[in-house]
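Visitor: Could we take a close look at one part of this molecule, its side chains? I would like to know which ones meet and where they sit.

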Amino acid sequence: MNSSLQGTKMKKILPGLAAAVSAILLFPAAACGAPQVACDPDNGGLKLPAGFCALVAANDLGEARHAAAASNGDLYVALRNGGVAALHDANGDGRFEVVEHFGNGSVTGIANHNGYLWLAKVNSVERYKLTPGQLKPSGAPEVVVSGLAGGREHGDKDIVFDGNGSLYVNVGAPSNDCQVHDRTKQSPGQDPCPLLDEYGGIWKFSDRKLGQKQAEGVRYATGLRQVLAMAWHDGALYIVMNNRDQLDTLWPGKFTAQENATRPAEPMYRVAQGDNFGWPYCYYDYTEKKLLLNPEYGGDGTKVGRCSQYQLPITSFPAHWAPLDLMFYTGSQFPARYRNGAFIAFHGSWNREPLPQAPSNVTFQPFQAGQPSGNFMVFASGFAGKSPLVNPDDALARADGLAQAPDGSLYITDSQKGKVWRVLYRGK
């Protein structure tokens with residue numbers, strides 16, 4: 001054969017061959033003709049919109065928090081009761097038969113970024129080098145940030161990356177509303193609140209430098225009680241905050257149990273550097289749709305006062321739903337209306353008592369041009385397994401983390417027993 005002709009043919013063949021080899025390496029079971037992933041007949045107990053179905057991909061992992069998917073389909077799940085569970089689907093049936101554990105300590109935030117698996121612990125951010133073809137990291141972790149404030153109430157951390165060399169970490173406030181005596185009836189708020197020096201905000205660090213301390217980071221935003229639901233999307237940081245508790249029991253005569261159960265919204269913000277969102281002085285009211293002065297600082301459920309100076313949310317969700325994770329959908333498996341919209345995992349709070357609790361759910365908020373567009377919808381429910389739910393700890397499951405699989409399906413983690421659901425779209 002003419003050498004130049006042979007070379008031309010090889011140039012045409014090689015790209016396709018390389019793509020085929022890559023597909024086999026990343027999805028070996030699928031390449032060998034494995035059957036289509038089958039959903040559970042009862043969707044693993046979940047209630048989903050028409051056209052969607054679910055299967056339980058893993059179970060009994062422990063107190064599962066956030067999750068991060070790898071490009072080959074492996075899933076890494078942060079565990080509150082210690083380290084990380086690394087999951088692998090060995091036969092392509094959509095379920096994780098291989099489970100390996102590594103690391104220690106309580107982990108919440110987790111991310112796959114720049115060839116490393118990053119973990120957010122109560123007082124540090126660490127990373128493990130990932131080796132292609134190897135599920136469990138073999139080396140010791142590197143400490144990226146240490147000495148983060150936290151350890152009491154609201155000590156858990158989340159992490160996000162902007163893709164331009166920066167890492168963002170929440171530092172929750174160890175307080176309900178910065179009272180002189182925390183969670184004590186009619187105790188006034190400290191003014192100014194000294195906790196805001198080290199807590200109650202988001203700090204920015206380099207993702208290219210080891211051994212950083214909190215004091216070396218930039219306080220990117222402040223006035224935030226506790227934020228575990230964070231995501232970087234379309235060039236901006238988005239968050240959903242856990243708002244205050246106990247309006248009625250701390251301030252009897254000013255607020256009723258019904259008002260406590262319905263008024264302090266879980267606000268969603270688009271965050272820019274230097275933003276102040278007003279905690280502990282203000283709370284966003286779900287019924288009034290405005291920032292109001294907290295009773296610890298002279299509020300009575302109607303006063304605005306100093307709250308007019310603080311950043312407003314871009315949307316909000318009902319009181320005490322307890323947002324724990326936020327994920328923008330960028331896949332193509334789900335219908336087009338879901339693309340670039342936000343999924344939020346709501347854990348459900350204890351703070352509606354003596355009224356029934358709002359059970360855990362996964363909610364979808366449509367977005368358009370970087371802003372919420374239209375009303376939110378409860379996308380996945382049925383976690384509690386009972387109604388009414390008086391104590392959230394009695395629920396069969398509570399949604400905690402979200403992750404998008406390489407094929408565009410959605411993983412949801414559970415913090416009760418450590419269940420992982422995989423949600424797929426099959427069409428109507």
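**Links, strands and cores**

Guide: A search through the whole structure turns up 17 salt bridges, where a salt bridge is a side-chain nitrogen of Lys or Arg within 4 Å of a carboxyl oxygen of Asp or Glu. Before we go on, please note that this is a predicted model, in which local features need pLDDT of at least 70 and side-chain atom pairs count only at pLDDT 80 or more, while totals for chains, interfaces and linings use all residues. Residues are numbered from 1 along each chain as its sequence is written, and side-chain values use heavy atoms, with hydrogens and water left out.

Let's start with Arg65 and Asp156, a salt bridge whose closest N and O atoms are 3.1 Å apart. Arg65 belongs to strand 2 (residues 64-69), whereas Asp156 sits in the loop between strand 9 (142-146) and strand 10 (159-161), so this pair ties together parts that are 91 residues apart in sequence. The numbering of helices and strands runs from the N terminus, and they are DSSP runs (H or I of at least four residues for helices, E of at least two for strands). Arg65 is buried, at 4% relative accessible area, and Asp156 is buried too, at 14%. Here buried means under 20% relative accessible area, exposed means over 50%, and partly exposed lies in between (1.4 Å probe, protein chains only).

Other salt bridges sit in other surroundings. Lys209 meets Glu216 with 3.6 Å between the closest N and O atoms; Lys209 is partly exposed at 44%, and Glu216 is partly exposed at 46%. Asp393 and Arg398 join at 3.3 Å, N to O. Of these two, Asp393 is exposed at 53%, while Arg398 is buried at 8%. There is also a network, in which salt bridges that share partners join Glu153, Arg183, Arg225 and Asp245.

Now for the cysteines. A disulfide is a covalent bond between the sulfur atoms of two cysteines. Counting pairs of cysteine sulfur atoms within 2.5 Å, we get three disulfides. One of them joins Cys39 and Cys53, with the sulfur atoms 2.0 Å apart. The torsion about its S-S bond is about 55°, so this disulfide is right-handed. Cys39 lies in the loop between helix 2 (28-31) and strand 1 (52-58), and Cys53 in strand 1, so the link ties together parts that are 14 residues apart in sequence. Cys39 is partly exposed at 22%, whereas Cys53 is buried at 11%.

Another disulfide joins Cys178 to Cys193, S to S 2.1 Å, and with 95° about the S-S bond it is right-handed. Both cysteines lie in the loop between strand 11 (166-171) and strand 12 (201-206), so the pair ties together parts that are 15 residues apart in sequence. Both Cys178 and Cys193 are buried.

Cys282 and Cys307 are also joined, S to S 2.1 Å. Here the torsion is about -100°, so the disulfide is left-handed. Cys282 lies in strand 19 (residues 282-285) and Cys307 in the loop between strand 20 (290-293) and strand 21 (315-317), so this link ties together parts that are 25 residues apart in sequence. Both Cys282 and Cys307 are buried. Numbered in sequence order, the bonded cysteines pair as 1-2, 3-4, 5-6.

Five strands form an open, mixed sheet in the order 10-11-12-14-18, with strand 10 and strand 18 (275-276) at the edges, each pairing on one side only. Two strands pair if DSSP finds at least two bridges between them. Strand 12 and strand 14 (residues 218-222) pair in the antiparallel sense over four bridges, and Ile202 has Ala221 in strand 14 as its bridge partner.

Finally, look inside. A nonpolar core is a set of buried Ala, Val, Leu, Ile, Met, Phe, Trp, Tyr and Cys residues joined through side-chain atoms within 4.5 Å. The largest such core has 32 residues, of which Trp118, Val125, Ile159, Leu167 and Cys193 touch the most other members. Elements giving two or more residues to this core include strand 7 (116-121), strand 10, strand 11 and strand 12. Apart from this core lies another, of 23 residues, among them Tyr329, Phe379, Ala380 and Ala397. Back at Cys193, and leaving aside neighbours within four places in sequence, its contacts (heavy atoms within 4.5 Å) are Cys178, Trp279, Pro280, Tyr281 and Tyr297.
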